[in-house]
Every structure is written in C-alpha cells, then in structure tokens.
Amino acid sequence: MSKHTPIGLQIKNFREEKGLSQNEVVERLAEKGINMSRETLSKIENGNRALSAMELNAICKVLNIDINVFFEENEDDDLVTLFRRKNYSEKTLEEVEKLQDVIKMFIYQKKIYNGEFKSQKKKPLWEEC
C-alpha cells in the first residue's frame with residue numbers, strides 16, 4: 001500500500017486481508033476497552049470520521065499490525081529496500097542491487113533513445129578551474 005492511501009482504507013484492507021468482519025473487529029476492540037460501533041468503524045474505513053491515536057493503536061493490536069506501517073515513507077521504488085524488508089540474505093540483496101542497476105541503465109538508455117534526456121554541454125576543464 002502506498003503512503004498516500006488514506007489510513008481508513010488501509011485499515012479496511014488489513015482487516016479484509018485478515019478475513020475479519022467489521023463486527024469481529026469491534027468485538028475485539030471492546031475486549032481491549034475501546035467502545036466503537038460497527039458504523040463508526042465503517043465511517044473510519046470510508047474516511048468519513050477521524051480516529052484518535054488510541055483508537056488507531058487498538059485497531060493495530062486487533063489486526064496484529066505495526067502502527068508504523070501507516071507512517072512509513074514509500075520506498076517501494078527501491079528493489080533492495082523491498083527485498084531487505086522481506087529478510088532476504090545479503091547475497092540475494094547484492095544480486096538484486098546488480099539487477100536494479102541494470103534496469104536503471106536500460107531506463108536511462110531508453111530516455112536517451114526517446115530524446116527525453118538532453119546532454120549538457122560541458123565547458124573544457126581549463127575553463128571550469
């Protein structure tokens with residue numbers, strides 16, 4: 001999920017991934033001392049109601065997710081970071097980094113071919129000093 005996905009929608013996605021209904025989440029919240037109706041949870045998921053830090057913390061505990069997932073920077077563009085999060089070995093990360101460099105090179109070459117990249121005219125070295 002992107003960082004730009006609203007928190008309510010992220011909660012809904014996590015809840016559905018866990019196979020829980022809104023009623024089940026509300027019941028589990030009540031066990032943790034948070035009284036919330038199913039309608040309120042629905043409003044939060046649909047972005048029609050803000051939620052407090054306490055409510056978010058309790059929902060994270062019920063869904064068994066780290067609260068930091070809602071505030072992380074989106075680094076999905078970097079394959080090495082993505083594989084590092086999945087706890088791959090250092091050898092795998094090195095290979096992924098090489099692959100990523102090759103892909104970047106192809107993207108760079110494509111930009112040159114399509115005329116999207118303009119070379120900069122450089123001054124002779126003696127003029128730069």
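E95 is partly exposed, with a relative accessible area of 44%, where buried means under 20% relative accessible area, exposed means over 50% and partly exposed lies in between, with a 1.4 Å probe and protein chains only. The side chain of E95 meets that of K98 in a salt bridge of 3.7 Å, N to O, a term for a side-chain nitrogen of Lys or Arg within 4 Å of a carboxyl oxygen of Asp or Glu. This is a predicted model, in which local features need pLDDT of at least 70 and side-chain atom pairs count only at pLDDT 80 or more, while totals for chains, interfaces and linings use all residues. Residues are numbered from 1 along each chain as its sequence is written, and side-chain values use heavy atoms, with hydrogens and water left out.

**Overall make-up**

- The secondary structure of the chain comes to 7 helices and 0 strands, counted as DSSP runs numbered from the N terminus, with helices (H or I) of at least four residues and strands (E) of at least two.
- Read along the sequence, the chain therefore shows the pattern α-α-α-α-α-α-α, under the definition of helices as DSSP runs.
- Of the 129 residues in the chain, 25% are buried.
- Among contacts between residues at least 6 apart in sequence, 43% join residues at least 24 apart, a contact being heavy atoms within 4.5 Å.
- The chain exposes about 10,000 Å², and carbon and sulfur atoms supply 50% of that area; accessible areas come from the Shrake-Rupley method with a 1.4 Å probe, and for residues only the protein chains shown count as cover.

**Salt bridges and charged residues**

- Side chains of opposite charge can pair when their charged atoms come close.
- The structure holds 5 salt bridges, including the one between K98 and E95, two residues that are separated by about one helical turn because they are 3 residues apart in helix 6.
- R15, which is found in helix 1, is buried at 8% relative accessibility, whereas E16 is partly exposed at 45%, and the side chains of R15 and E16 meet in a salt bridge of 4.0 Å, N to O.
- A polar contact of 2.6 Å also joins the side chains of R15 and E45; such a contact is a pair of N or O atoms within 3.5 Å, where within protein one must be able to donate a hydrogen and the other to accept it, and residues adjacent in sequence count only if both atoms are side-chain atoms.
- R15, E16 and E45 are linked in a network of salt bridges, and, leaving aside neighbours within four places in sequence, R15 is in contact with L20, S21, Q22, V25, L41, E45 and L63.
- The side chains of E55 and R49 meet in a salt bridge of 3.1 Å, N to O, with E55 buried at 12% relative accessibility and R49 partly exposed at 31%.

- Helix 4 is followed by N64, whose phi is near 60°, a positive value in a residue other than glycine, and N64 counts as exposed at 64% relative accessibility.
- D66 is found in the loop between helix 4 and helix 5, is partly exposed at 43% relative accessibility, and has a side-chain polar atom 3.0 Å from the backbone nitrogen of N68.

**The aromatic pair**

- The structure holds 1 aromatic pair, formed by F14 and F70, which is edge-to-face with 6.0 Å centre to centre and 85° between the planes.
- Rings of Phe, Tyr and Trp (its six-membered ring) pair if their centres lie within 6.5 Å, and planes under 30 degrees apart count as stacked, over 60 as edge-to-face and the rest as tilted.
- The pair links distant parts of the chain, with F14 in helix 1 (residues 7-17) and F70 in the loop between helix 4 (53-63) and helix 5 (79-85), 56 residues apart.
- F14 counts as buried at 14% relative accessibility, and F70 is buried with a relative accessible area of 6%.

**A nonpolar surface patch**

- L99, I103 and I107 make a nonpolar surface patch of about 260 Å²; patches are made of residues with over 30% relative accessible area and no salt bridge, with like charges joined within 9 Å and nonpolar side chains (Val, Leu, Ile, Met, Phe, Trp, Tyr) within 5 Å.
- I103 lies in helix 6 (residues 90-113) and is partly exposed, with a relative accessible area of 38%.
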